[in-house]
Amino acid sequence: MRKIFDSSKQALLITIAMFIICGLIYPFAVTALAQGVFHQQANGSLLEMDGQAVGSELIGQNFTAPEYFWGRVSSVNYNVYTKEDMLPDDNGEVNYSGVSSGTFNYAPTNPELKKRIEVDIEKFLLANLSVQRQDIPSDLMTASGSGLDPHISVKAAQIQVDRIAQASGLSKEEINKIIEANIEKRTLGVFGENKVNFLMANLEIRGEMDKAKD
């Protein structure tokens, strides 16, 4: 009986000790370190405008206005939905698929892939009259794995300059400077490609447009 009591006591003390270490001390230590050293990243890499959080530099947004850079095609619509998206269309399909990440996952032989690409190409050409079909960068017509990518290629940003300049009232030189300011270089100078964070670039465009109004 004594041995059972001692064993139970030891097990209880170990459980309490591990709860304090793993459930309290460790989480608080990691949180304090993250907030102290990586404050911006630990809080979601949020972007603010006029004191209000307007997004995260890690997640793209669905821009359709002509004065802003357009991002990549998203099967989850960058998680931006309206009440109308939750209603069936004429074909009985519902656009709303829930707040999630992901891609269309169409096989190369799937006719729906060709249909979707053709629709997006026509939409882009109608909005960018100075662009030829063969000049459209492939990343603008293809979805990322997450559907939330905030980046586009440098060429994909540059090809939109004419439209943005005409719609925003900013000069092409100003827009090209915004592109340069938001280029993220290759990782370690070797891995990946140079890319533009179109969300951050669009916030700068908005800021410059607001200045012009003042």
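**Exercise 1. Describe the salt bridge between glutamate 208 and lysine 211.**

Solution. The side chains of glutamate 208 and lysine 211 come together in a salt bridge, at 3.5 Å from N to O, where a salt bridge is a side-chain nitrogen of Lys or Arg within 4 Å of a carboxyl oxygen of Asp or Glu. The model is a predicted one, in which local features need pLDDT of at least 70 and side-chain atom pairs count only at pLDDT 80 or more, while totals for chains, interfaces and linings use all residues. Residues are numbered from 1 along each chain as its sequence is written, and side-chain values use heavy atoms, with hydrogens and water left out.

Next, consider the position in the chain: because glutamate 208 and lysine 211 are three residues apart in helix H8, about one helical turn separates them. Helices (H or I, at least four residues) and strands (E, at least two) are DSSP runs, numbered from the N terminus.

Finally, consider accessibility, for which buried means under 20% relative accessible area, exposed over 50%, and partly exposed in between (1.4 Å probe, protein chains only). Glutamate 208, at 28%, therefore counts as partly exposed, whereas lysine 211, at 58%, counts as exposed.

**Exercise 2. Which parts of the chain are tied together by the salt bridges of arginine 72 and aspartate 162?**

Solution. A search of the whole structure finds eight salt bridges. One of them joins arginine 72 to aspartate 149, with 3.4 Å between the closest N and O atoms. Arginine 72 belongs to the loop between S2 and H3, and aspartate 149 to the loop between helix H4 (138–141) and strand S3 (151–153), so this pair ties together parts that are 77 residues apart in sequence. Arginine 72 has 17% relative accessibility and therefore counts as buried.

Aspartate 162 and lysine 172 also meet through their side chains in a salt bridge, at 3.0 Å from N to O. Since aspartate 162 lies in helix H6 (residues 161–168) and lysine 172 in helix H7 (residues 172–181), the pair ties together parts that are ten residues apart in sequence. Aspartate 162 is partly exposed at 32%, and lysine 172 is partly exposed at 42%.

**Exercise 3. Characterise the ring pair of tryptophan 70 and phenylalanine 124, and identify the charges that sit over the ring of tryptophan 70.**

Solution. Four aromatic pairs are found in a search of the whole structure; rings of Phe, Tyr and Trp (its six-membered ring) pair if their centres lie within 6.5 Å, and planes under 30 degrees apart count as stacked, over 60 as edge-to-face and the rest as tilted. The ring centres of tryptophan 70 and phenylalanine 124 are 6.1 Å apart and the planes stand at 75°, so the pair is edge-to-face. It links distant parts of the chain, tryptophan 70 being in the loop between strand S2 (52–56) and H3, and phenylalanine 124 in helix H3, 54 residues apart. Tryptophan 70 and phenylalanine 124 are both buried.

For the charges, the criterion is that NZ of Lys or CZ of Arg is within 6 Å of the ring centre and within 35 degrees of the ring normal. The charged end of lysine 123 sits over the ring of tryptophan 70 at 5.9 Å from its centre, and arginine 163 lies over the face of tryptophan 70 at 4.3 Å from the ring centre.
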